[in-house]
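Subject: Structure for you to look at

Hello,

Here is the structure I said I would pass on.

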Amino acid sequence: MVVRDVKPDSRAADAGLRPGDIIQEVNRHPVENVEALRQAVRNADGKPALLLVRRDGRDVYVAVKPS
């Protein structure tokens, strides 16, 4: 799932997500669409969500803090 836009004041921006990043996993579970991503974040039970992101040909982990 490709990140198309990141709002400057969002949790995604705080975590360092960038347009063009490809989210592959959330908390070590594959995600292929926005609904799967949202569900995985909800299932984190208020804990940071660990995202596996492909950026510039490399895989990086990004932690997104809960609201």
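Predicted model: local features only at pLDDT ≥ 70, side-chain atom pairs only at ≥ 80, totals over all residues.

Residues are numbered from 1 along each chain as its sequence is written, and side-chain values use heavy atoms, with hydrogens and water left out.

A salt bridge here is a side-chain nitrogen of Lys or Arg within 4 Å of a carboxyl oxygen of Asp or Glu. The model has three salt bridges by that rule.

One of them joins the side chains of Asp21 and Arg55, with 2.7 Å from N to O. The two residues are 34 apart and link distant parts of the chain: Asp21 lies in the loop between α1 (11-15) and β1 (22-26), and Arg55 in strand β3 (residues 49-55). Helices (H or I, at least four residues) and strands (E, at least two) are DSSP runs, numbered from the N terminus.

For accessibility, buried means under 20% relative accessible area, exposed over 50%, and partly exposed in between (1.4 Å probe, protein chains only). Asp21 is buried because its relative accessibility is 2%, and Arg55 is buried at 15%.

Another salt bridge pairs Arg42 with Glu35, whose closest N and O atoms are 3.5 Å apart. Arg42 is partly exposed at 48%, and Glu35 is partly exposed at 44%.

Asp59 and Arg54 also form a salt bridge, with 3.0 Å between the closest N and O atoms. Here Asp59 is partly exposed at 40%, and Arg54 is partly exposed at 33%.

Regards
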